[in-house]
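Please examine the sequence and the three-dimensional model shown below. The paragraphs that follow lead from the overall fold to individual residues.

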Amino acid sequence: MKLHIDVLTLFPELFPGPLAASITGRAMSRGLLEIDPVNLRDFSHDERGTVDDKPYGGGPGMLMKVEPLFEATDFLKARSPGAKVVLTTPRGRLFSQKLARELVGEERLIVVCGHYEGVDQRYIDSRVDYEVSIGDYVLTNGNLPAMVMIDAIARLLPGALGCEESSEDESHTGWLLEYPQYTRPEEYEGLKVPEILLSGDHGKIAAWRRQEAEWLTMRRRPELYARHRAWPREIKDVNKD
Ligand code: ADE
């Protein structure tokens, strides 16, 4: 399984950027992940590389113009027939583990980094498959959101993680947050590792971890805990979002 991602952006020099490091970088060098930044300005209709314009009806800011977006997208779609188009925008559907799992099933994606005050609605209506937000806060543009999404998707590619880093385990814990973890030494500045983790009793350790994960989730993310309690295990495992 291999995933090719065209990133349509006003800042192609930002890619692969941090994605070249660590697990995503390894996925790239193993040929599992290809990131191809494409400069939207290459599709502008004038010498100055204009890709934005004022909104009809007035209002603050500029919008991304239709012509460069349509032409760039159609060019990329001709190269990658069937590729899904994902636009990063604060008004999109919230990105989630479930959406990452859905998108990792694609062979090719076109990720469009939103910019300015937004995008001409005609482009969204006729070319975009997914409008995605990475959270309820507004960033200056969609380049970092694109990187966040690509990271979350890429680590799910079979072979991207080593056995020790497996993402399998995550899907078995439903919506619980992770339990506290410790590594050597046993004591540091008088702070001790919980006794039970040194006991070697795997059953007790598993029960302790589960209890800690439940308490933490209950306190920190009560809405997540409610969902965890409400859903049957099979659905929880497969459809975690
Ligand atoms: N562009 C600006 N803010 C964003 C967000 N939170 N998610 C996706 N794209 C964005």
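Helices (H or I, at least four residues) and strands (E, at least two) are DSSP runs, numbered from the N terminus. The model is a predicted one, in which local features need pLDDT of at least 70 and side-chain atom pairs count only at pLDDT 80 or more, while totals for chains, interfaces and linings use all residues. Residues are numbered from 1 along each chain as its sequence is written, and side-chain values use heavy atoms, with hydrogens and water left out.

Consider the protein as a whole. It has nine helices and 10 strands, and its C-alpha atoms fill a box of roughly 70 × 40 × 40 Å, taken along the principal axes. Of its 241 residues, 41% count as buried. Here, buried means under 20% relative accessible area, exposed means over 50%, and partly exposed lies in between (1.4 Å probe, protein chains only). The protein exposes about 14,000 Å², and carbon and sulfur atoms supply 52% of this area. Such accessible areas come from the Shrake-Rupley method with a 1.4 Å probe; for residues, only the protein chains shown count as cover. A contact means heavy atoms within 4.5 Å. Among the contacts in the protein with a separation of 6 or more, 77% come from residues 24 or more positions apart.

Charge is the next topic. The protein has 31 positive and 39 negative side chains, and the centres of the two sets lie 4 Å apart. In this count Lys and Arg are positive and Asp and Glu negative, whereas His and the chain ends are not counted. The place of each charge is taken as NZ of Lys, CZ of Arg, CG of Asp or CD of Glu. The structure holds 12 salt bridges, a salt bridge being a side-chain nitrogen of Lys or Arg within 4 Å of a carboxyl oxygen of Asp or Glu.

One of these salt bridges joins the side chains of D36 and R79, at 3.1 Å from N to O. Because D36 lies in strand β2 (residues 33-39) and R79 in helix α2 (residues 66-79), the pair ties together parts that are 43 residues apart in sequence. D36 is partly exposed, with a relative accessible area of 25%, and R79 is also partly exposed, at 39%. Which residues form a network of salt bridges with D36 and R79? D6 is linked with D36 and R79 in such a network. D6 belongs to strand β1 (residues 3-9) and counts as buried, at 0% relative accessibility. Leaving aside residues up to four places away in sequence, D6 touches D36, L76, R79, S80, L109, I110 and V111.

A further salt bridge is formed by the side chains of D53 and K65, at 3.6 Å from N to O. This pair links distant parts of the chain: D53 is in strand β3 (residues 52-53), K65 is in the loop between β4 (63-64) and α2, and the two are 12 residues apart. Both count as partly exposed, D53 at 37% relative accessibility and K65 at 22%. P55 is found in the loop between β3 and β4. The C-alpha atoms of P55 and K65, 10 residues apart along the chain, are separated by 9.5 Å. Is P55 buried or exposed? P55 is buried, because its relative accessible area is 18%. P55 touches P60, G61 and L63, not counting residues up to four places away in sequence.

The side chains of R122 and D120 also meet in a salt bridge, at 2.8 Å from N to O. D120 counts as buried, at 15% relative accessibility.

E106 counts as buried, at 18% relative accessibility. Apart from residues up to four places away in sequence, E106 touches K2, L3 and K84.

Another loop, between β8 (130-133) and α5, contains N141. N141 and L8 are 133 residues apart in sequence, yet 12 Å apart in space, C-alpha to C-alpha. With residues up to four places away in sequence not counted, N141 touches F11, G114 and H115.

Y137, L139 and L144 make a nonpolar surface patch of about 300 Å². Patches are made of residues with over 30% relative accessible area and no salt bridge; like charges are joined within 9 Å, and nonpolar side chains (Val, Leu, Ile, Met, Phe, Trp, Tyr) within 5 Å. L144 lies in helix α5 (residues 143-154) and counts as exposed, at 54% relative accessibility.
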